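Subject: Structure handover

Hello,

Please find the structure below. My notes on it follow, with the cut-offs given where each term comes up.

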Amino acid sequence: MVEKKQIAILYEEQFYYVKKYFLKQFNHNEELANDLAQETFYKLLKHIGIYANKDTNKYYLFKIAENVKYDYIKHKANLVSEDILNAVIFSNLDLPMHCDVDDAKDKLTNQEKVLLSLFTQNLKSHEIAKIINLTPSAVRARISKLKKKLRVLLNDYNNLC
């Protein structure tokens, strides 16, 4: 069984690398990287009995860090930012910025909004698939369908602008 003393040593040796991982993943946001790194070590400490082999602690630590990243992204995706949604809609579909798209966004399901939010974070289809429990090919198909739906909705509203 891993002792808390070993976790303290692991913390001292690996915190910098875990934080660096999160800095790279989240656009050098120092505060977020610190929070997620601390969450990673908290989860390691919380489930200390599972990580019995001292030699694999570093592997488990970075696996936990990856899961913390996905949990954060999934939570963030559920809080879809209207600004991000507007930016994606306008940039991907070449519509004028003065066009009102609130009605179009209202026609998106919550799942479609989450998918669009994840897509705008430049995640790869296999990463999105892991977060929303689909296959990568299903994610690509849904993104394609979503783009077509948005294009139709927004072109309709564009004619009204």
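Where is the place of Glu-112? Glu-112 sits in helix 6, which covers residues 110-120. Helices here are DSSP runs of H or I with at least four residues, strands are runs of E with at least two, and both are numbered from the N terminus.

Before the rest, the basis. This is a predicted model, in which local features need pLDDT of at least 70 and side-chain atom pairs count only at pLDDT 80 or more, while totals for chains, interfaces and linings use all residues. Residues are numbered from 1 along each chain as its sequence is written, and side-chain values use heavy atoms, with hydrogens and water left out.

The chain as a whole

The secondary structure comes to eight helices and zero strands. Of the 161 residues, 38% count as buried (buried is under 20% relative accessible area, exposed is over 50%, partly exposed is in between, with a 1.4 Å probe and protein chains only). The chain exposes about 10200 Å², and carbon and sulfur atoms supply 51% of that area. Accessible areas come from the Shrake-Rupley method with a 1.4 Å probe, and for residues only the protein chains shown count as cover. Contacts (heavy atoms within 4.5 Å) were also sorted by sequence separation: among those between residues at least 6 apart, 65% join residues at least 24 apart.

Helix 6 and Glu-112

Helix 6 is mostly covered, with eight of its eleven residues buried. These are Glu-112, Lys-113, Val-114, Leu-115, Leu-116, Ser-117, Leu-118 and Thr-120. Glu-112 counts as buried because its relative accessibility is 19%. Leaving aside neighbours within four places in sequence, Glu-112 is in contact with Lys-107, Leu-146 and Lys-149. After helix 6 comes Asn-122, which has a positive phi near 60°.

Pockets

Pockets were searched on a 1 Å grid over the protein atoms alone: a pocket is an open set of points with protein on both sides within 12 Å along at least five of seven lines, a cavity is a set where a 1.4 Å probe fits but cannot get out, and lining residues have an atom within 4 Å of a point. Grid points are joined across faces, edges and corners, and a volume is the space filled by probe spheres set on the points.

The largest pocket has a volume of about 300 Å³. Its lining has 13 residues, and Gln-25, Phe-26, Asn-27, Gln-121 and Leu-123 lie nearest the centre. Helix 3 (residues 57-78) gives the most to this lining, with four residues. By class, the lining of the largest pocket holds five nonpolar, five polar and three charged residues (nonpolar is Ala, Val, Leu, Ile, Met, Phe, Trp, Tyr, Cys and Pro; charged is Asp, Glu, Lys and Arg; polar is the others, Gly among them).

The second largest pocket has a volume of about 240 Å³. Its lining includes Glu-112 and Arg-142, and among the others are Val-114, Leu-115, Ile-132 and Leu-146. Helix 6 and helix 8 are the elements that give two or more residues to this lining, and helix 6 gives the most, with four. The classes in the second largest pocket are five nonpolar, two polar and three charged.

Glu-127 is in helix 7 (residues 125-132) and counts as buried because its relative accessibility is 15%. Beyond residues up to four places away in sequence, Glu-127 touches Lys-69 and Tyr-70. Asn-133 lies in the loop between helix 7 and helix 8 (136-160). Asn-133 is not a glycine, yet has a positive phi of about 60°. With a relative accessible area of 65%, Asn-133 is exposed.

Aromatic pairs

How many aromatic pairs does a search of the whole structure find? The search finds seven. Rings of Phe, Tyr and Trp (its six-membered ring) pair if their centres lie within 6.5 Å; planes under 30 degrees apart are stacked, over 60 edge-to-face, and the rest tilted. Tyr-11 and Phe-41 form an edge-to-face pair, at 4.8 Å centre to centre and 75° between the planes. The pair links distant parts of the chain, with Tyr-11 in helix 1 (residues 4-25) and Phe-41 in helix 2 (residues 30-46), 30 residues apart. Tyr-11 is partly exposed at 35% relative accessible area, whereas Phe-41 is buried at 5%. Ring pairs join Tyr-11, Phe-15 and Phe-41 into a cluster.

Regards
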